[in-house]
Amino acid sequence: MKSSISVCIATYQRPKFLKEALYSVFEQTLQPFEIVIGDDSHDDLTENLVLDIKRESKIPISYTRHFPSLGQAGNVNFLYEIAKGDKIVLLHDDDLLLPNSLKDLNNCWDLHPNLVAAYGKQYFISEEGTIDLNLSSKLNQFYFRTSDRSGLQKSSVEAALLHQFPNDCYMILASAAKAIKYRSYEEIGNAGDFDFGLRLGFEYSNFFFLDKYTAKYRFSNVAVSKNTDSTPQSFSIILKTDFPKELSWAKEYELKREASTAIIQLINVGKKRQALDIYFSQYYPLSKKFSLGGIRRLMKAFLPQSIEKFI
C-alpha cells in the first residue's frame, strides 16, 4: 500500500550514507508515494548511485543535481516545492528511518485529523551505525521526548523552542512546509533546521509527539565538526525572539542550556568577541564561569590563537 507521503532527501557528497538512507525508506511498512532527492555534490558518485538504485526501486524516485549547488536551505526549499505528496518527511542523507516510521507517524492523523506535524523518538547511532542505547535514552530526555509529554502538544512553540521537534525525520503537512520554507544562510547561518521548526510552531498549532522510536540520528564527523556555529546561531534566534509570557521559563532554560556549547563553537570558529558576550551574560551562570572548564574557555577567548593549544 502506498500513501500520499513524499520523502525528501537533500544530499551532499555522502553516497555511502545516502544509500543506507534510501534503503531505510524501501523497508517501510507503509510505502511512500515518492522519494525526492536534491543533490549538491561536486562529483558524479551520488548521481551514479541514485541512477543505479532507481532501476530496481519500486518507489518513484525524483533526482535533481544542482549546478551550482543550492546549499542546505535552497536544496530543502527546492524539495518541498516539487514534492507531490500531501505529507512530507524530511530525511537527512546520513540518518535512517525505522521500518515502522511512516506508518506510525501517518497514523497520528487518525487520532487527530488536524495535525500539522508528528515526530517520534530517535536512536543515536555512531558513524558506523551502532546504536548507543544509553545515549539515546539521555538525549531523548534532554529534548523532552518523554512519555509524560506524549501526544498532542499544548504549545507547538514550546515544542520547537526546547528542540522536542527534531531536525529531521518528522512528518509534516506539505502545505505547511511549502508555506514556512527555510530561511537562507545569510539570514540565520547554520541554524536552518531549528529556525524552520520554531517559525512553524509560531504559525501552526497541533504538533504531535509519538512516544515511540521512529528514526536513527547519526553522530557523524560532520555533525560534530568544530567548524560549525549552529548553536550560537540558534542562541541568537532565541534571544531576539519575543515569546509568550507563559514560555519565558522555556526561553531562559534553553538559553542557559545552550550557552556553554555556543561559547565553545564561537571560539572554535574565531568569533571570540561573541563568545565573551555570552560568557559574561546572565545565561552563563557563576558556577560555570568559575569552574575549571569555564576558566579555560575564558582564557581561550582572551589569548592569541598561537598559544591556545597549550591550554
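**H10 against H11.** I looked up where two helices of this predicted model meet, and found Ser230, Thr231, Pro232, Ser234, Phe235, Ile238 and Leu239 of H10 in contact (heavy atoms within 4.5 Å) with Lys251, Glu254, Leu255, Glu258, Ala259, Thr261, Ala262, Gln265 and Leu266 of H11. By class I noted eight nonpolar, five polar and three charged residues in this contact, where Ala, Val, Leu, Ile, Met, Phe, Trp, Tyr, Cys and Pro count as nonpolar, Asp, Glu, Lys and Arg as charged, and the others, Gly among them, as polar. Helices here are DSSP runs of H or I with at least four residues, and strands are runs of E with at least two, numbered from the N terminus. The axes of H10 and H11 (residues 248-268) come within 8 Å and cross at roughly 145°; axes are lines fitted to C-alpha atoms, for helices over the stretch in contact, and angles run from 0 to 180 degrees between N-to-C directions.

**Conventions.** I number residues from 1 along each chain as its sequence is written. For this predicted model, local features need pLDDT of at least 70 and side-chain atom pairs count only at pLDDT 80 or more, while totals for chains, interfaces and linings use all residues, and side-chain values use heavy atoms, with hydrogens and water left out.

**Isoleucine 131.** I found isoleucine 131 in the loop between strand E6 (117-125) and helix H5 (133-142), where its contacts, not counting residues up to four places away in sequence, are Tyr123, Phe124, Ile125, Ser136 and Lys216. With a relative accessible area of 32%, isoleucine 131 is partly exposed, because buried means under 20%, exposed over 50%, and partly exposed in between (1.4 Å probe, protein chains only). I also checked the C-alpha atoms of isoleucine 131 and histidine 66, which lie 65 residues apart along the chain and are separated by 33 Å.

**Backbone entries.** Most residues other than glycine have a negative phi, and most peptide bonds are trans. Phenylalanine 144, in the loop between H5 and strand E7 (151-152), has a positive phi of about 60° and counts as buried at 14% relative accessibility. Asparagine 206, in the loop between helix H9 (192-203) and strand E9 (207-218), has a positive phi near 70° and is partly exposed at 25% relative accessibility. I noted a cis peptide bond between phenylalanine 67 and proline 68, with omega about -5°, and placed proline 68 in the loop between strand E3 (61-65) and helix H3 (71-82).
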